[in-house]
Amino acid sequence: MTTPLISVIVPVYRVEEYLERCVKSILSQTYENLEVILVDDGSPDNCPALCDAAAEKDSRVRVIHKINGGVSTARNAGLAAAQGNWIGFVDPDDFVDKTYYEKMLRAAKQAGAELAVCNEVFMEEDGSLCDYQEQPLRTEVLSREEAIHRIRLTPLIQAATRLHRRDVLEGIVFPVGKNYEDAFTTPEIIEHATAVACIKEKLYHYRLHPASIMHGKVTLKNLDEIEANYRMLQCTMKYGQKDAAYLQYAVMKGYFKKIMKNLPPEDRNDPKVQQTIDLIRKAETEVRQAGADTLRNKLEAAVW
């Protein structure tokens with residue numbers, strides 16, 4: 001088999017109900033020159049067998065079995081094994097439109113861009129459409145600076161709604177032990193690109209789960225989101241995007257307030273809480289010193 005052009009990495013853990021549809025959506029792509037790397041992250045259910053069965057049916061599927069270490073370790077293992085010139089990520093409980101990779105690769109190549117990104121469909125756990133929907137992207141090509149200015153947009157943050165030319169992922173390591181691993185790595189990935197091709201079509205189908213990291217019980221791990229947003233704030237400041245920087249600061253404060261409201265009382269004196277408070281104060285000082293705390297930026301952040 002020749003080296004595939006696109007490697008699709010799927011971290012797999014406790015998703016036996018959804019995995020088959022996910023894998024089928026990738027293997028049914030109109031663009032066929034790809035490999036699918038299923039990384040079984042020590043899943044205790046039937047997922048390991050489902051992964052092996054998929055590999056037996058289609059030679060484009062490769063399986064990595066590893067001890068459980070979390071989604072970041074699974075993605076990192078997939079990256080280390082990937083052979084493609086372009087790399088995509090799909091979460092195992094989601095699925096993609098059959099034209100996803102054809103359209104993403106075409107958009108990137110036509111624009112001479114290292115990244116392509118599309119809008120997404122939000123689904124409930126049962127696959128029905130979620131009340132919450134958004135379409136923040138229009139079909140256009142963004143420079144690195146423009147992409148950083150819009151870094152807050154959901155499709156730009158999420159790894160699964162992007163197609164990456166391999167070189168922009170060089171040196172990228174998803175942070176082990178952290179939640180919101182996409183947001184931690186997005187700034188560096190975008191900085192490695194000169195252009196981002198955007199597609200207004202909703203080609204990625206994202207499933208919301210009540211018990212997921214994003215929507216489940218609030219714990220100290222949710223504070224990772226504040227740190228991840230600070231990484232994005234640093235990136236916007238580096239490129240002089242003061243309104244975007246203030247927005248990131250406002251988001252940090254808003255998330256912290258929400259997390260503390262729902263955090264169990266016994267966790268509120270944990271050292272990680274104070275560390276997060278210190279980080280928010282640091283961000284406040286930085287946006288003030290940069291002159292980003294203007295009335296206009298405050299008003300724009302208030303309506304985000």
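# Burial and packing of elements

Student: Which elements are included in what covers the buried residues of H1?

Tutor: Helices (H or I, at least four residues) and strands (E, at least two) are DSSP runs, numbered from the N terminus. Buried means under 20% relative accessible area, exposed over 50% and partly exposed in between, with a 1.4 Å probe and protein chains only; contact means heavy atoms within 4.5 Å. The cover of H1's buried residues includes strand E1 (6–12), strand E2 (34–41), helix H2 (47–57), strand E3 (61–66) and strand E5 (95–96).

Student: What pLDDT do local features need?

Tutor: Residues are numbered from 1 along each chain as its sequence is written, and side-chain values use heavy atoms, leaving out hydrogens and water. In this predicted model, totals for chains, interfaces and linings use all residues, side-chain atom pairs count only at pLDDT 80 or more, and local features need pLDDT of at least 70.

Student: How many residues has the largest nonpolar core?

Tutor: A nonpolar core is a set of buried Ala, Val, Leu, Ile, Met, Phe, Trp, Tyr and Cys residues joined through side-chain atoms within 4.5 Å. In the largest one, Ile6, Val10, Ile26, Leu38 and Val90 have the most contacts. The elements giving two or more residues to this core are E1, H1, E2, H2, helix H4 (100–111), strand E6 (115–123) and strand E9 (195–207). The number of residues in the largest core is 42.

Student: Is Leu163 buried or exposed?

Tutor: Leu163 lies in strand E8 (residues 162–165). Leaving aside neighbours within four places in sequence, its contacts include Ile6, Trp86, Tyr101 and Leu105. With a relative accessible area of 0%, Leu163 is buried.

Student: At roughly what angle do the axes of H9 and H10 cross?

Tutor: Axes are lines fitted to C-alpha atoms, for helices over the stretch in contact, and angles run from 0 to 180 degrees between N-to-C directions. The axes of helix H9 (residues 242–262) and helix H10 (residues 271–289) come within 10 Å of each other and cross at roughly 155 degrees. H9 is therefore roughly antiparallel to H10, where under 35 degrees counts as roughly parallel, over 145 as roughly antiparallel, 65 to 115 as roughly perpendicular and the rest as oblique. The crossing angle is roughly 155 degrees.

Student: How far apart are the axes of H8 and H9?

Tutor: Helix H8 (residues 224–238) packs against H9 at an angle of about 170 degrees, so the two are roughly antiparallel to each other. Their contact involves, among others, Ile226, Tyr230 and Leu233 of H8 and Ala245, Tyr249 and Met252 of H9. The axes are 8 Å apart.

Student: What distance separates the C-alpha atoms of Met123 and Leu208?

Tutor: Met123, in strand E6, is buried with a relative accessible area of 2%. Beyond residues up to four places away in sequence, Met123 touches several residues, including Phe95, His205 and Leu208. Although Met123 and Leu208 are 85 residues apart along the chain, their C-alpha atoms are separated by 6.0 Å.

Student: Is Tyr180 buried or exposed?

Tutor: Tyr180 is in the loop between E8 and helix H7 (181–191). Tyr180 has a positive phi of about 60 degrees although it is not a glycine. At 11% relative accessibility, Tyr180 counts as buried.

Student: Is Arg14 buried or exposed?

Tutor: Arg14 is in the loop between E1 and H1 and has a positive phi of about 50 degrees although it is not a glycine. At 56% relative accessibility, Arg14 counts as exposed.
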